[in-house]
Amino acid sequence: MWTEIGKSMTHLLRSPMPLSAFALPKRLVVSFPLARLLHRHTTPKPFCSRMSATPSTSLTHSISLPTQLGQPVQVLAAPGLSDSEFRAAIESSLFRQWLKNLECESGILANGNMTLTQVLIQGVDMFGKRIGFLKFKADIIDKGTGKKVPGIVFARGPAVTVLILLESEGTTYAVLTEQVRVPTGRVILELPAGMLDDDKGDFVGTAVREVEEEIGIRLKLEDMVDLSAFLDPSTGFKVFPSPGGCDEELGLFLYRGRVDKNIITQLEGKETGCVKHGELIKVRVVPYEKLWHTTPDAKALMAIAIYEMAKKEGLLPQ
């Protein structure tokens, strides 16, 4: 019996085996197009980074921030996050903008009282080829106390919303949308709004497109009033609906117009939205004087507050 086993083992060792049988886990390699490499040599970036991984450890990424020279920040991938998702996250405009915000004039790291030590990328939601939502946890230490400050971040980036006021037969109406909002578990009456689709910061153009998509009416760019522009420059001319957990910054706009009563009738209850994206939207028309106690939407209530104060101060264009 032992002779037969020996012959079998000898046969296996002498038999050719595919190279795949000896394949080792590949080390993660990040490559850059030539144009991008040239750009890196000619234009300084706000931070430097290096990515690495080994078969026995999770993905890591090292960042050097101008405000923390000599104190690199480690970015880690949570278990279950793929290589491509991790790369997409750290290269995304959402993550890069958050880093810029940390070091801006009013940023957390600007005065040197706090330091960023580590970021854990926990989740990524893709909208086609771009990142729509990014979830991560940042370890930011207060140097005075040595304690961490709350650092869970849901990043979704900038967005816009429009307060549409239509006057008809002596009554001013607000045009809103009614749609399912799964995070709240409710159907919400709210202002038309949408996320910026690119890094160009075209708030006005995005506002006009969102109104056309959600309401079905086309507004002129020149008729839009930027309510956010009435805020103090220290605010960055944006509002933050939920700064305790989300980076979303809103640009608030106003549109005023006069229409026949039949337009108001046609708009009420109209079904709109992009069905292929799951948007099931109904248009609702509410007398403006009742809007403030009709909707739970923070966007609407913020827009009303700024609009009324700007009108009181005589800041609105005639």
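**A friendly note on this predicted model**

1. Let's start with one side chain. Tryptophan 98 touches Leu116, Val119, Phe136, Ala138 and Val153, leaving aside residues up to four places away in sequence; a contact here means heavy atoms within 4.5 Å. Please keep in mind that this is a predicted model, where local features need pLDDT of at least 70, side-chain atom pairs count only at pLDDT 80 or more, and totals for chains, interfaces and linings use all residues. Residues are numbered from 1 along each chain as its sequence is written, and side-chain values use heavy atoms, with hydrogens and water left out.

2. Which residues touch the most other members of the largest nonpolar core? Out of its 27 residues, they are Phe95, Trp98, Leu116, Val119, Ile121, Leu134 and Phe136. The elements giving two or more residues to this core are β3 (73–77), α3, α4 (93–103), β4 (114–127), β5 (130–142) and β7 (152–155). A nonpolar core is a set of buried Ala, Val, Leu, Ile, Met, Phe, Trp, Tyr and Cys residues joined through side-chain atoms within 4.5 Å. Buried means under 20% relative accessible area, exposed over 50%, and partly exposed in between (1.4 Å probe, protein chains only).

3. Another core, of 23 residues, lies apart from that one, and its members include Leu165, Val239, Leu252 and Ala310.

4. Now look at helix α3 (residues 83–91), whose buried residues are Phe86, Ala89 and Ile90. Viewed down the axis of α3, these buried residues fall within an arc of 90 degrees, so they line one face of the helix. The arc is taken from the directions from the helix axis to the C-beta atoms.

5. Zooming out, the protein has 8 helices and 15 strands. Both are DSSP runs numbered from the N terminus: helices are H or I with at least four residues, strands E with at least two. Of the 318 residues in the protein, 37% are buried. Among contacts with a separation of 6 or more, 58% join residues 24 or more positions apart.

6. Two backbone angles deserve a look. Most residues other than glycine have a negative phi. Glutamate 169 is not a glycine, yet has a positive phi of about 55 degrees. Glutamate 169 sits in the loop between β8 (159–168) and β9 (171–181) and is exposed, with a relative accessible area of 67%. Phenylalanine 237, also not a glycine, has a positive phi of about 60 degrees. Phenylalanine 237 is in the loop between β12 (225–226) and β13 (250–258), and at 32% relative accessibility counts as partly exposed.
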